[in-house]
Amino acid sequence: MTTSEGHTPLTLRPSATFPPETIAHVQTMSRTGRYEIRGWGAKRRVPSFDDLTFVTASLSRYPLEGYRERCETKTVLGSRFASKPLELDIPITIAGMSFGSLSANAKEALGRAATNVGTSTTTGDGGMTDEERQASRLLVYQCLPSRYGFNPEHLKMADAIEIVVGQGAKPGGGGMLLGQKVSPRVAGMRTLPAGVDQRSASRHPDWTGPDDLTIKIAELREATGWEKPIYVKFGATRVTNDVKLAIAAGADVVVVDGMQGGTGATQDVFIEHTGIPTLPAVRLAAEAIRDVGKTGEVQLIVSGGIRSGADIAKALALGADAVSIGVAALIALGCNSAFYDDGDELIDVTADYHALGTAPGFCHECQTGACPVGVTTQTPELSARLDPEIGARRMTNYLKALTMELATLARACGKNDVHHLEPEDLAALTIEAAAMAKVPLAGTTWIPGQSF
Amino acid sequence: MTVQTEPLTLDVRALGVTEVNKRLRLLPDGSAVTLAETWGAHNLGVGLTNRISITIQGNAGYYLAGLCDGPDFDVVGSVGWGVAENLMSGTVQIHGNASESAAATAHGGLVAVHGDASSRAGISLKGGTLAVAGNVGHMSAFMAQAGTILVGGDAGDSLGDSLYEAVIYVGGRIKSLGADARTEDLTDADVAKVRELCAAAGFDHIDPESVTKVASARQLYNFDALKNQRY
């Protein structure tokens, strides 16, 4: 059959099993003989905080005046054993991201912004940089399996210590900083040659199970005079057991990173197919803390796809004491923007995204080290595209806006403290979210798994 | 503060680990102290940065001398996991055996085990020196990045797996090499290095000219799926 112009009409019938992106994926693997390694977190749709809504005050609940009445956001982390717990002005922290994965300018910008709003930032694999320590009033020092750049001097300079068991993008998978991002400075900090892929092990070198972890935590406390809060972070998989074991091992703070959590470079198959979403993870973690009688004594930080004050408010309502942001922080700095700000004008870098085979709004090419906006790179000319002062200003604005969103929702729920938000303030918009968050499906009293 | 001249002994069982560590931290450089009644206690002498000499009379548990930068330890007994982990400088002489992960991630200093060391000895070594008079267990020197490991006896399976720039010398037999580890010819510089290590560790049973040198083949330094890299 032909059209009146003599052409055969197109019959485009997409396959649900092999949509265009799957076809491209198969063809890439057949061409390269390897899996895709990329940055960011899970890109597919999973049940999330978007599937919840607040049932705010009306007749049965009394709201606070949205623009006038005080709503407390102060947050204390690490009060269980540490003599110097962290006192934050807001329940939003900056997640661990390495110098190496991120540029020094990006790390400095994050530190300055965190200081501006009274919260903490976190080091990452590769150790602590001078810029980061100087910029951050409160700095959490990560103890990772690789121990790249880890040393007792920096340990003592830290305000808290985070033992990283795993992260949401790749629980159980370790990590990799590809050689193209291993500049001489990064290599020097990690005691490895420049240009060599730097594998981050999936297991710690000097302990294995939770019994060992108990002794490891005690070692870090002894080495630092029992002053510093000790966090234990892991990717959300077997959340209930992991939280209970971390608490039994002596953690002051448990950090649970859901499957939407980001990374600088990991196999796509890991990012998309391991772990559970942040939504059920927060509820499971809070319940585990409650089950062992440590609510209020052990704090819970949740991360993985946190973007807005609404996400934060929902996480807190489900039992988190604070959240950590990673990818959202990078976006605030300019990640995926078509422009960078050189201080005088906005410079269009769309062509640089195209050179990476992507476009602004879609980029996850952190692993290349060719970040067009200077956030995830070690190349001096690209790093220079992110002015730390401009980045700090943008990040400060973002953190302030998040806090405003959080507080406005809390006030509308009648809370004068964001930590008073509770599951009863929420309803679910999908059956899945109702089951995972254990709040009723909107318009019903039904919580799947708990009632019929 | 003056340097103490009288020998000082701390009873670990009576004082507890935290109090012992607190007292150790406060000692001025040049002090000498003996820890008695250790009973395998964990985390003794961790995080110290003063230049003091510590004698351990008995066995110690996990992480003895961990995260230290300066002190010298002499252990008349055996030690548990992770002895001298992340050591920056100083010496740890162990006149007994060491459990797993001895000298893990050590950046500097010397750890000398006069008996045997268990598996993963020298794992992720970052510049320090580990000398073991006897045998080491499997996966020793796994991902060791820099520094030197001397083994007077035999080495277990997968020695030097995923090795980076660290170098291993083995006096006895090697059960198997790990991924990307290979033996290399000894140079005069290697022989001199082994002789120096033996002297520093106090070993007199190793012939520096007959050790086997193991180093990285550097074939896994950059991921390349088309090269059929073996892990």
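Me: Is A:Asp50 buried, exposed or partly exposed, and why?
Reply: This is a predicted model, and in it A:Asp50 counts as partly exposed because there are 17 C-beta neighbours inside 10 Å, where a buried residue would need 20 or more and an exposed one 12 or fewer. A:Asp50 sits in the loop of chain A between strand E1 (37-38) and strand E2 (52-54).

Me: How far apart are A:Asp50 and A:Gly195, in sequence and in space?
Reply: A:Asp50 and A:Gly195 are separated by 145 residues in sequence, and from C-alpha to C-alpha they are 41 Å apart in space.

Me: Switching to helices, which residues of H7 in chain A are buried?
Reply: H7(A) covers residues 239-248, and the buried ones are A:Val239, A:Asp242, A:Val243, A:Leu245, A:Ala246 and A:Ile247. Their cover includes H6, strand E11 (230-235), strand E12 (253-257) and helix H9 (278-291), which belong to chain A. After H7(A) comes A:Gly250, with a positive phi near 110°.

Me: How do H7(A) and H9(A) cross?
Reply: Their axes come within 8 Å and cross at roughly 40°, and H7(A) and H9(A) are therefore oblique to each other. The crossing of H7(A) with H9(A) is right-handed.

Me: And which residues meet there, between H7(A) and H9(A)?
Reply: From H7(A) there are A:Val239, A:Thr240, A:Val243, A:Lys244 and A:Ile247, and these meet A:Ala281, A:Leu284, A:Ala285, A:Ala288 and A:Ile289 of H9(A). Sorted by class, the residues of this contact are eight nonpolar, one polar and one charged.

Me: What else does A:Ala285 touch, leaving aside its neighbours within four places in sequence?
Reply: With those neighbours set aside, A:Ala285 is in contact with A:Val239, A:Val243, A:Val254, A:Val256, A:Leu300 and A:Gly319.

Me: How many residues are in the largest nonpolar core, and which have the most contacts inside it?
Reply: The largest nonpolar core has 206 residues, and A:Val254, A:Ala285 and B:Val111 are those with the most contacts inside it. The element that gives the most to this core is H14(A), with nine residues. As general background, nonpolar side chains tend to be buried together in soluble globular proteins.

Me: How does H14(A) cross H10(A)?
Reply: H10 (residues 309-317) and H14 (residues 388-412) of chain A have axes that come within 7 Å and cross at roughly 50°, which makes H10(A) oblique to H14(A). The crossing of these two helices is right-handed. Among the residues that meet are A:Gly309 and A:Ile312 in H10(A) and A:Leu402, A:Glu405 and A:Leu409 in H14(A), and the contact has eight nonpolar, one polar and one charged residues.

Me: Now the two chains: how many residues of A are in contact with B?
Reply: On the side of chain A there are 23 residues, in contact with 36 residues of chain B. Helix H4 (152-157) and helix H6 (210-223) of chain A each supply at least two residues of that side of chain A, and H6(A) gives the most, with five. By class, the residues of chain A that touch chain B are eleven nonpolar, six polar and six charged.

Note on methods. Residues numbered from 1 in each chain as written. Chains lettered and ligands numbered in written order. Predicted model: local features only at pLDDT ≥ 70, side-chain atom pairs only at ≥ 80, totals over all residues. Axes fitted to C-alpha atoms, helices over the stretch in contact; angles between N-to-C directions. Helix = DSSP H or I, 4+ residues; strand = E, 2+ residues; numbered from the N terminus. Parallel < 35°, antiparallel > 145°, perpendicular 65-115°, else oblique. Left-handed = near helix turned anticlockwise from the far one by under 90°. Contact = placed C-beta atoms within 7 Å. Nonpolar A, V, L, I, M, F, W, Y, C, P; charged D, E, K, R; others polar. Core = buried A, V, L, I, M, F, W, Y, C linked by C-beta atoms within 7 Å.
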